[in-house]
Structure formats: structure tokens, C-alpha cells
Amino acid sequence: MKKEVKQFKEMQYVVRYPKNYHPEERYPLLLLLHGAGSRGNDIDLLLNNPFFRITDNMSLPFVTVAPQCSENTWFDLFQVLEGFVKEIAANRCVNHEKIYVIGASMGGYAAWQLAMSMPEYFAAIVPICGGGMYWNADRLVNVPIWAFHGEKDSAVLVEESVKMVNAVNQAGGNARLTVYPNTGHDAWSDTYCNPEVFEWLLAHKNKNMTCINEKYTDSNLYG
């Protein structure tokens, strides 16, 4: 599948086009958020990310976009990342009902946070070995979630995903968690090579654009 390297502000990103791509058609969009191992300004680190190595030979129908974090964490670039989402979502080749996020490790944390910050953009998300601010999970009640984690992960404890998934479901959302019992931090390899993950994403359309729950808005109670 064809790839291009492009620039958004100070952030490089990779675009991978599906087979027989035509710019006048509309495609589902998959936003990939990499982990700490692909940080920096060397785009080859991202081009050689496990996601691309594993999925390049799969016939996926997405336009995949993968920004590169040039800072220490995604949170150092979070405003740029939000602007990037708005920019790519406005592209005429994008099916606006089918925008998805998949992220691993540092990118798993960013996937959770990005969906909570901009839930109106995403039809479904797949956070892998990440975690987040579970007290704010109400904002994800209309975003289907399939999270993955290794039970033996010592870098990011599996409880981080458990807390997020439980909080979303307790708020009335639709979140599920798959735990790999004999896996450490690398929960992404098994996830990326599983076609059911991508079929699950594609089964969802955005139902969140006008239904966002807000809590903790009283500063007297919540600071």
C-alpha cells in the first residue's frame, strides 16, 4: 500500500492509502498513535513501527494517518494533535461517520485522552496498554471502545485499562477489554494482526456528534 510523508505544523505524519485509492471517493479514516519507541524527528522510526510492519500486508480499507511525536509525550503536543484531527477530518476523502483511533502504550494513553477531549469526532477507538482519567469517562458513553492489555505488563499495569473500561461502562457506555494472559507490555502485536479488530472498528458509525455528557462543571465542588 502506498505511503506518503507529510507535515502538519511542527509534526510529521505518514499517510497510508488503501489499495485502489481514489481521491474522489470517501474512506474510513484510522488515526494511529504510536508509543514511546517511535518518538523523535526520524520518520523512519514511524515507518518501521510494528503497526505498519504487521498491517502492510493486510488489505485494510482505511486511509491510515500516523503523526509522529517529536516531544517527550503526546501530551506535550496535545493542542497540535487536536488541530491535526480537525485538519484530517475535513479532508474530502474522509467518511466523517467512520473516523477511528488506535494507539499503543504512550499512544494508548493519548487515544483515551483524545477521545475524551474530542468525542464528537470518533466512531470507535482501540486503546492498547494505556490508561486515562477514568473520572471523565462520561464523555465516552457514545464512543464504542475495545481495549487491550497484557496481564503481565509491568510498564503499564493492566489495572489502568480495567479502570477506564469499568468507568465507561458504569457511565452507561460500551467498552470491552481483552487481556492477554501471558503477555507483557507488547499487547499491540497480537492486536494489530487480528483482523477482527479492524472489522469491529468498521462496524461502527459515529453516533456521538450531538450527545456529549458533561460532568464536574461546578468549580465550587470540583475545583
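Predicted model: local features only at pLDDT ≥ 70, side-chain atom pairs only at ≥ 80, totals over all residues.
How many salt bridges does the structure hold? Five. Asp-56 turns up in two of these pairs, so let me walk around that residue, since a Lys or Arg side-chain nitrogen within 4 Å of a carboxyl oxygen of Asp or Glu is what counts here. One partner is Lys-3, with the closest N and O atoms 2.7 Å apart. Arg-16 comes from strand S2 (residues 11–16), 40 residues away from Asp-56.

Now, buried or exposed: where does Arg-16 fall? Buried, because its relative accessible area is 1%, and the cut-off for buried is under 20%. Asp-56 is at 25%, so we call that one partly exposed. Lys-3, at 28%, is partly exposed as well.

Over to another pair. Glu-24 and Arg-92 meet through their side chains at 3.0 Å, N to O. These two are 68 residues apart, Glu-24 in the loop between S2 and strand S3 (27–33) and Arg-92 in the loop between helix H3 (78–89) and strand S5 (94–104). Both ends are out in the open: Glu-24 is exposed at 52%, and Arg-92 is exposed at 56%. And there's a network too, with salt bridges linking Lys-2, Glu-4 and Lys-6.

Right, on to strand S7. Six of its six residues are buried. Ile-145, Ala-147 and His-149 point one way, and Trp-146, Phe-148 and Gly-150 point the other. On one pairing, S7 runs parallel to S6, joined by two bridges, with Ile-128 partnered by Phe-148. With strand S8 (residues 175–180), S7 pairs in the parallel sense over six bridges, and Trp-146 stands opposite Arg-176 there. To get from S7 to S8, the chain goes through helix H5 (residues 158–170), and that β-α-β crossover is right-handed.

Last thing, the surface. Together with Met-133 and Tyr-134, Trp-135 makes a nonpolar surface patch of about 310 Å² accessible area.

Definitions and conventions. Residues numbered from 1 in each chain as written. Heavy atoms only, no water. Patch = residues over 30% accessible without salt bridge, like charges linked within 9 Å, V, L, I, M, F, W, Y side chains within 5 Å. Areas by Shrake-Rupley, 256 points an atom, 1.4 Å probe, with all protein chains shown as cover. Buried < 20%, exposed > 50% of the residue type's maximum accessible area, 1.4 Å probe, protein only. Helix = DSSP H or I, 4+ residues; strand = E, 2+ residues; numbered from the N terminus. Pairing = 2+ DSSP bridges. Right-handed = clockwise from strand over helix to strand, strands pointing away.
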